[in-house]
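Student: I am new to this structure and would like to learn how its descriptions are reached. Could we go through some of them together?

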Amino acid sequence: MRLTVRDLQLMEYLSEQGLATSDQLTERFFPNKECFWTRVRPLLKNGYVESALLLSFASAVPSKMLPLVKKLREERRNVERLKVYSLGARFKTKAKHSLTIVAPMFAQHQLGLNELRTFLEKTLPPEGIYLSDPEIRLEELRLGSIEDIPIPDLVWRVQGRSYAFELERNQKSNLRYFERFSRYERSGYERIVYFCENETLYEDLLEKAARFPKIGFALTNKPSKVFSRFRGSQTVFDFLGVGSGRY
């Protein structure tokens, strides 16, 4: 089959983000779901894209998928039939660096990260570029500095400056947070925003990061508002220091 520019963009996105739902891909690349199905079928048939039931990922780490499954059922979605899409066999050999983020234990995290990336793309200036975890690791390996700086979930780079974003879903140890916050504070990132999935985690991380002025926190259900102990409550636009928001 002859690949279109949109096909290549879709596969590049899956290479960067790991996997996505049909709704996420439709919103990004197609005018409606019918157009999505019309094009994705030949991509599936020819091995450029592959699909799997979302619950097939849950079998490896059930507890990690429970919040997502609960949310989807509350939205009256047919969870048992819901599929996610990733790179197919014909394309995987060209994107080996992305395969780690397609592991079952990361499925819910990556789907949430897709939503976060969409929010940022709609909110921040369009001239910036986004780098996902695999791309950042590849870049740092080439530069030989991967041991010195944290690898964020997502980086936005614009006018020679870099901003880091983390999607935080689960509690980690105090030592792990202190070490990561300290490394971020010493890094070249202008600002770092942690998007937390619940208020308990949000409040806890605010307390832990009280001495780190570069770091701010937001809730995933209210991503426009970022809070830090040094700057108080701001829009994500103002916290990053890039002007006035557009939302």
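**Rings and cores**

Tutor: Gladly! Phe-30 has a relative accessible area of 8%, in a model that is predicted.

Student: Why is Phe-30 called buried?

Tutor: Buried means under 20% relative accessible area. Phe-30 has 8%, so Phe-30 is buried. Phe-36, with 0%, is buried too.

Student: How many aromatic pairs does a search of the whole structure find?

Tutor: The search finds 16 aromatic pairs.

Student: What makes the rings of Phe-30 and Phe-36 a pair, and why is the pair called edge-to-face?

Tutor: Centres within 6.5 Å make a pair, and planes over 60 degrees apart make it edge-to-face. Here the centres are 5.6 Å apart and the planes are at 85°, so the pair is edge-to-face.

Student: How do you know that Tyr-184 and Tyr-189 form an edge-to-face pair?

Tutor: Their centres are 6.0 Å apart, with 65° between the planes, so the pair is edge-to-face. Both Tyr-184 and Tyr-189 are buried. They also belong to one aromatic cluster, whose members include Phe-181 and Phe-217.

Student: What makes Arg-191 sit over the ring of Phe-239?

Tutor: The distance has to be within 6 Å, along with a limit on the angle to the ring normal. The charged end of Arg-191 is 5.8 Å from the ring centre of Phe-239 and sits over that ring.

Student: Which residues touch the most other members of the largest nonpolar core?

Tutor: Among them are Phe-181, Tyr-189 and Leu-205, in a core of 22 residues.

Notes:
Residues are numbered from 1 along each chain as its sequence is written. This is a predicted model: local features need pLDDT of at least 70, side-chain atom pairs count only at pLDDT 80 or more; totals for chains, interfaces and linings use all residues. Side-chain values use heavy atoms; hydrogens and water are left out. Rings of Phe, Tyr and Trp (its six-membered ring) pair if their centres lie within 6.5 Å; planes under 30 degrees apart count as stacked, over 60 as edge-to-face and the rest as tilted. Buried means under 20% relative accessible area, exposed over 50%, partly exposed in between (1.4 Å probe, protein chains only). A charge sits over a ring if NZ of Lys or CZ of Arg is within 6 Å of the ring centre and within 35 degrees of the ring normal. A nonpolar core is a set of buried Ala, Val, Leu, Ile, Met, Phe, Trp, Tyr and Cys residues joined through side-chain atoms within 4.5 Å.
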